[in-house]
Amino acid sequence: MAVLVLADHKDGALTQPTRSTVAAAQKLGEVHVLLAGEGAGAASAAAAKLPGVAKVLTAEGGAVAHGLAEPVAALLVSLAGSYSHLLAPASAAGKNVMPRVAALLDVQVLSDICGVVDADTFVRPIYAGNALATVKSADAKKVITVRAASFDPVPAEGGSAPVEAAPAAEDPSLSTFLGAEIVKSERPELTAARIVISGGRAMASAENFAIIEKVADILGAAVGASRAAVDAGYAPNDMQVGQTGKIVAPELYIAVGISGAIQHLAGMKDSKVIVAINKDEEAPIFQVADYGLVADLFKAVPELEAELSK
Amino acid sequence: MKVLVPVKRVVDYNVKVRVKADGTGVETANVKMSMNPFDEIAVEEAVRLKEKGVATEIVAVSAGPSAAQEQIRTALAMGADRGILVEHDGVLEPLAVAKILKAIVAKEGPALVILGKQAIDDDMNATGQMLAALLGWGQGTFASKVEKDGESLKVTREIDGGLETVSLKLPAIVTTDLRLNEPRYASLPNIMKARKKPIETVKPADLGVDVTPRLTVLKVEEPPKRQAGKKVGSVQELVEKLRNEAKVI
């Protein structure tokens, strides 16, 4: 049986976590990709080019136009008969839809998997990544969300899969989309960026994040924040890196004024190189940092900007 | 309207969990237990809805061991009116909890169930969505704002890239995100009062729910440890190392 991946797409392109999810799905069988919502048609060309994808299904308008969980879950359930596994990235969208799909199919969802052992057995982090559980599912069908940072994405080019329209699914009419406020940014997405620079509570204000943003723009980096900075209102929740925010594993992660609570480490400890800048030399972040600089961030970050501009 | 708030007993946020030597799980004996932090946000939101006159009664329910009464008492001290403990000593996966809650909803008839988006022990992020599916209700997950709007509920949701607002037909499910509110501390008089509030105890079998786990845990292990690296003396040295040693910039 084939496996189905529910893609995240934006502005006619697939997100990098979607390509990582396809990489995980390829370990399980022939991969079909489903794109739902506005722009699905435009993004289908990108999905068709992914190596190893055998078929692309699109559902553009109607009830699924805004990606609401209830109609998208209904669509997935209507397609589920042909698939052994249904996967999505563990993004805000995937985490919203897939548990609903699982319950409709009477199976236990496998959330945020970071490893595929075999068709029934998966590895997933628990307790903020302080333990890894290997679990075997007894359910006939598997419904899965995938931790993108744990799977190298498949290349963007190389395949040529046929694109078909998915059969229309019922509209449960339980919710209505009223609007969205999407922050416009030229910077890369947190979960796809090669370099991430994050600020913590020591940033002391939202305005002060500007000094981090300057460094980010020089490096082409995404900007993140600790939960403490989000709680304090210095940064939007969308920027939160950690157990209850985004999980990132960039080549370079720069933690600025972040003490390194286990909940934050859960979101970034798989980064290839970690830099910590903190004035408290006892801060736990230094225990995971490859390069630590004990310094006042308000002095060190502008210096870093100047040094990188040289 | 009546509001149901499920609460989970979990290892406290501040505890550094240890994997058991035999690899069967994590050490939970003699470890501080608390209400799941996202569930505290759910209780707080329900109490605020009651203070605004939107909610009429708040029922806190927990599925777990007998000791989960402590977490129900915490919810009662925060302002919930009464509690239900669905007592079960073994593993309860989100699907089983959703089935238990569906049975409680059938008995209680709430117009709204508010749950934490994620429990900090199994990190599943699933029970609310699964309950919504089983009930055939709409879901407003990862909520940062909840407003009653006539016969529907307006929910602002945290999504990748920003915020989304949806309108849910009632009855509905809401799961809480961090910025929804800041939970209150229960005052001593309210803790005393909570002792007199009723807690009903039932078993999953009384509700006709099969809670057999679908997942078998084959092993639990520690993730690979990261070694602490070196301290650098200056920004110049840091940039030099990143360029020439780590070669990442």
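Leaving aside its neighbours within four places in sequence, which residues is Leu252(A) in contact with? The answer is Ile195(A), Val273(A), Val275(A), Val248(B) and Ile249(B). The model in which these contacts occur is a predicted one.

Leu252(A) is found in strand β16 of chain A, which covers residues 252–256. This residue is buried, because 22 other C-beta atoms lie within 10 Å and the threshold for a buried residue is 20 or more. Ala221(A) stands 31 residues from Leu252(A) in sequence, and the two are 9.1 Å apart in space, C-alpha to C-alpha.

Val275(A), one of the residues in contact with Leu252(A), has a set of contacts of its own. Leaving aside neighbours within four places in sequence, Val275(A) is in contact with Leu252(A), Ile254(A), Ala255(A), Ala289(A), Asp290(A) and Tyr291(A), and also with Leu238(B) of chain B.

## The nonpolar core

Val275(A) is also among the residues with the most contacts inside the largest nonpolar core, together with Val5(A), Val5(B), Ala46(B) and Ala60(B). This core has 195 residues. Its largest share, 8 residues, comes from helix α3 of chain B, residues 94–108. At least three residues of the core are drawn from each of domain 1 (2–165) and domain 2 (195–309) of chain A. In soluble globular proteins, nonpolar side chains tend to be buried together.

## The domains of chain A

The domain assignment divides chain A into domain 1, residues 2–165, and domain 2, residues 195–309. Between their C-alpha centres the distance is 30 Å. In the contact between them, 5 residues of domain 1 meet 8 residues of domain 2. On the domain 1 side, the residues that touch domain 2 comprise 2 nonpolar, 2 polar and 1 charged.

## Helix α4 of chain A

Helix α4 of chain A runs over residues 92–104 and has 13 residues. From its first C-alpha to its last it reaches 19 Å, close to the 18 Å expected at 1.5 Å a residue. Since 12 of the 13 residues of α4(A) are buried, the helix is largely enclosed by the rest of the structure. The buried residues include the charged side chains Lys95(A) and Arg100(A), as well as Val97(A), Met98(A) and Val101(A). Just after the helix, Asp106(A) takes a positive phi of about 55 degrees.

## Where the chains meet

The contact between the two chains takes 72 residues from chain A and 67 residues from chain B. Helix α4(A) provides the largest share of the chain A side, 9 residues. By class, that side of chain A has 41 nonpolar, 17 polar and 14 charged residues.

## Chain B as a whole

Chain B contains 6 helices and 13 strands. Its C-alpha trace spans about 65 × 45 × 40 Å along its principal axes. Of the 249 residues in chain B, 49% are buried. Among contacts in chain B with a separation of 6 or more, 68% are between residues 24 or more positions apart.

Notes. Residues are numbered from 1 along each chain as its sequence is written. Chains are lettered from A and ligands numbered from 1 in the order in which they are written. This is a predicted model: local features need pLDDT of at least 70, side-chain atom pairs count only at pLDDT 80 or more; totals for chains, interfaces and linings use all residues. A nonpolar core is a set of buried Ala, Val, Leu, Ile, Met, Phe, Trp, Tyr and Cys residues joined through C-beta atoms within 7 Å. Helices (H or I, at least four residues) and strands (E, at least two) are DSSP runs, numbered from the N terminus. Domain bounds come from an automatic or database domain assignment. Two residues are in contact if their C-beta atoms, placed from the backbone, lie within 7 Å. The expected span of a helix is 1.5 Å times one less than its number of residues.
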